[in-house]
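Have the sequence and the model open side by side.

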Amino acid sequence: MTATNGGPTGTRQDTVAAVVRQWRTVHPRLDTAPMEIIGRINRCSALLQQAEDAPLRRAGLSRAEFDLLGALRRTGHELTPSELTRETFSSGAAVTKRLKALSERGLVERRGDTRDRRVAHVRLTDAGRDLVDGILPEQLAYETAVLADLDADGQEELASLLGDLLTRLEGRLGSLRDFRNTP
């Protein structure tokens with residue numbers, strides 16, 4: 001059996017494989033196995049971001065803007081900018097900037113809290129809801145095409161493995177921060 005790149009199964013000839021080989025030459029005693037996983041995750045992420053999600057681009061949206069609109073749509077209710085920050089894993093400043101742009105396009109509306117003037121509530125406008133509902137099927141079809149070379153079992157296994165990794169990382173975020181500060 002051969003991999004899609006023409007090499008034997010298990011022998012990857014992707015960019016990360018070349019990097020790992022180079023590091024093994026420079027530091028033969030170091031275990032570079034984590035690099036094979038993290039490097040590939042990072043490389044896949046970069047390539048997917050470069051593709052810029054064609055349906056979103058046609059709609060004039062960035063992935064980050066779509067994530068904001070999607071958070072409002074899938075939760076089905078108003079959210080504060082702080083809640084949107086948590087929902088989208090973005091910084092507060094980034095959310096504020098995106099909300100301003102989306103508001104100017106008429107896709108979201110902000111209203112002040114009646115009890116606390118410091119708090120704003122954000123909701124989708126009808127135009128924002130229609131945009132999300134119109135793009136989502138096309139975006140999912142695009143993502144399906146990106147994954148088309150993996151069979152259903154491969155996709156399920158990859159989703160499960162990535163889910164396990166994500167769960168562990170989310171649970172260990174504090175300890176990973178502490179790891180950076182140890183000598």
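R129 is partly exposed at 29% relative accessibility, where partly exposed lies between buried (under 20% relative accessible area) and exposed (over 50%), with a 1.4 Å probe and protein chains only. The model is a predicted one, in which local features need pLDDT of at least 70, side-chain atom pairs count only at pLDDT 80 or more, and totals for chains, interfaces and linings use all residues. Residues are numbered from 1 along each chain as its sequence is written, and side-chain values use heavy atoms, with hydrogens and water left out.

The side chain of R129 forms a salt bridge with that of D126 (3.3 Å, N to O); the term stands for a side-chain nitrogen of Lys or Arg within 4 Å of a carboxyl oxygen of Asp or Glu. D126 is exposed, at 55% relative accessibility. Both residues sit in helix α7, three residues apart, or about one turn. Helices are DSSP runs (H or I, at least four residues), numbered from the N terminus. An α-helix has 3.6 residues a turn, so residues three or four places apart point the same way.

K100 and E104 also pair through their side chains, at 3.3 Å, N to O. Because they are four residues apart in helix α6 (residues 92-104), about one helical turn separates K100 and E104. Both K100 and E104 are exposed.

The salt bridge between D133 and R73 (2.9 Å, N to O) links distant parts of the chain: D133 is in helix α7 and R73 in helix α4 (residues 63-75), 60 residues apart. D133 is partly exposed at 37%, as is R73 at 32%. The structure holds 13 salt bridges, and D14, R24, E36 and R40 are linked in a network of them.

Helix α7 (residues 126-146) also holds Q139, which is buried with a relative accessible area of 1%. Leaving out residues up to four places away in sequence, Q139 touches D53, P55, L56 and R63, contact meaning heavy atoms within 4.5 Å.

In helix α1, V16, A17 and V20 are buried. Seen down the axis, the buried residues of α1 fall within an arc of 100 degrees, so they line one face; the arc is that of the directions from the helix axis to the C-beta atoms. They pack against α2, while Q22, T25 and V26 are exposed on the other side of α1.

Helix α2 also holds I37, which is exposed at 53% relative accessible area.

Definitions and conventions: Helices (H or I, at least four residues) and strands (E, at least two) are DSSP runs, numbered from the N terminus.
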